[in-house]
Amino acid sequence: MGLIFLGASEAQKRTQAPILAQGNIMRLIFLGPPGAGKGTQAAILAQELNIPHISTGDLLRSAIAQKTALGILAQAYLESGELVPDALIMAMMGKRLAEFDALGGWILDGFPRNLSQAQALDRLLQILGQSHPQAVNFNVATESLIARMLQQGRKDDNENLIRRRLEVYQEKTTPLINFYKQRRCLIDIDGNLTPEAVNQSIRAKLSLAVPV
Ligand code: AMP
C-alpha cells in the first residue's frame, strides 16, 4: 500500500492517508448473544468513528420487507430463530463489504455467526486486501438477555423464539470466541453495565480517545 505514495506531494499524502493507512482502520466484529446490547453499542461507536454499522439481521429484515429473492428465501429462518444458510449470507456480505463506504472500516453486528462464516470472512478480506478484524465479545447473564429482549418487544420475539435464538447462539456462535481468542484479537466486555459505561469500556480497550 505504501508504494502508492511514491512521488506524491505532502498535501496528497495527507488527503490519501486516512483511507490508505491500514493501521488506522477499525474493522470490528461485535460478538455476543441476542439481547446483549451489541446492536446499540455498534450504532453508537459506528457514529463516533464515522464508519458503517453493518447488521446482518437488519439487512435480512429489510430484504424481507422489500420481498427481494434473498428476503423470500431468508424469511422462514428468521421466523424460527435458525441461521440463514451460509451461502446466502456470504453473497450478501461479499456485496456489502465491497461497497465504497466499507473501505475505511466497519463494525459487523451479527456476523460471522459460525465458524464457516468466520473462515469465509477471512477469505473475503484477503480478496479485498483488508487486514484481520478485531473481535469485541459482550458478556451478559442469560436471564437478563431474555428480559431485555422481551422488553425490546420486536413483534417476532416471543419467549420460545428467544430461547431458540439463544440455543443457536450457544451451539453455533460461541466457538468463535476461541477462534478469535487464539488469534489474540479478542476483547472481552462486561455487557451488564449501563450503555454509557459499556461504550467507555469498549473505547478504553480499543485505546480510543474519549470524546471531549
Ligand atoms: P439478529 O438481528 O442479528 O439477531 O438476527 C436475526 C436473525 O437473522 C437471526 O436469528 C438469523 O435467523 C438471521 N441472521 C442474522 N445474521 C445471520 C448470520 N450471520 N448468519 C445466519 N443467519 C443470520
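Residues are numbered from 1 along each chain, in the order in which its sequence is written. Because the model is predicted, local features need pLDDT of at least 70 and side-chain atom pairs count only at pLDDT 80 or more, while totals for chains, interfaces and linings use all residues.

## The sheet

Helices (H or I, at least four residues) and strands (E, at least two) are DSSP runs, numbered from the N terminus. Five strands form an open sheet with parallel pairing, and their order is β2-β3-β1-β4-β5; two strands pair if DSSP finds at least two bridges between them. The edge strands, each pairing on one side only, are β2 (53-55) and β5 (186-190). From one strand to the next, the twist averages 25°. Angles here run from 0 to 180 degrees between N-to-C directions, and axes are lines fitted to C-alpha atoms, for helices over the stretch in contact.

Strand β1 (residues 27-31) and strand β4 (residues 134-139) run parallel and are joined by four bridges. Along this pairing, Phe30 stands opposite Val136 in β4, and Leu31 stands opposite Asn137 in β4. On the pairing of β4 with β5, five bridges join the two strands, which also run parallel, and Phe138 stands opposite Ile189 in β5. Strands of a sheet pair through backbone hydrogen bonds, either parallel or antiparallel.

Helix α10 lies across β4 and β5, and its direction makes an angle of about 155° with β5.

## Helix contacts

Two packed helices are described by the angle between their axes and the distance between the axes. Three such pairs are set out below.

| Helix pair | Axis distance | Angle |
|---|---|---|
| α2 (residues 38-49) and α10 (residues 195-205) | within 10 Å | roughly 60° |
| α7 (residues 142-152) and α8 (residues 159-173) | 10 Å | about 135° |
| α5 (residues 86-97) and α6 | within 11 Å | roughly 30° |

Angles under 35 degrees count as roughly parallel, over 145 as roughly antiparallel, 65 to 115 as roughly perpendicular and the rest as oblique. The axes of α2 and α10 cross at roughly 60°, which makes α2 oblique to α10. The crossing in which α2 passes α10 is right-handed; a crossing is right-handed if the near helix is turned clockwise from the far one by less than a right angle, and left-handed if anticlockwise. In this contact, Thr40, Gln41, Ile44 and Leu45 in α2 meet Pro195, Val198, Asn199 and Ile202 in α10, where two residues are in contact if their C-beta atoms, placed from the backbone, lie within 7 Å. The contact of α2 with α10 holds five nonpolar, three polar and no charged residues. For these classes, Ala, Val, Leu, Ile, Met, Phe, Trp, Tyr, Cys and Pro count as nonpolar, Asp, Glu, Lys and Arg as charged, and the others, Gly among them, as polar.

Helices α7 and α8 are likewise oblique to each other, and α7 passes α8 in a right-handed crossing. Here Thr142, Leu145, Ile146, Met149 and Leu150 in α7 meet Glu159, Ile162 and Leu166 in α8, so that the residues of the contact divide into six nonpolar, one polar and one charged.

Helices α5 and α6, by contrast, are roughly parallel to each other, and their crossing is right-handed. From α5, the residues Asp86, Ile89, Met90, Gly94 and Leu97 meet Ser116, Gln117, Ala120, Leu124 and Leu128 in α6. By class, the contact of α5 with α6 has six nonpolar, three polar and one charged residues.

## Two backbone details

Most residues other than glycine have a negative phi, and most peptide bonds are trans. Asn50, although it is not a glycine, has a positive phi of about 60°, and its place is in the loop between α2 and β2. The peptide bond from Phe111 to Pro112 is cis, with omega near -5°, and Pro112 is found in the loop between β3 (106-109) and α6 (115-128).

## Around the ligand

Of the 16 residues around the ligand, those that come nearest are Thr56, Gly57, Leu83, Gly110 and Arg113; a residue is near a molecule or strand if its C-beta atom, placed from the backbone, lies within 6 Å of it. Two or more residues of this shell come from each of α3 (56-65) and α4 (69-80), and α3 gives the largest share, three residues. The shell divides by class into eight nonpolar, five polar and three charged residues.
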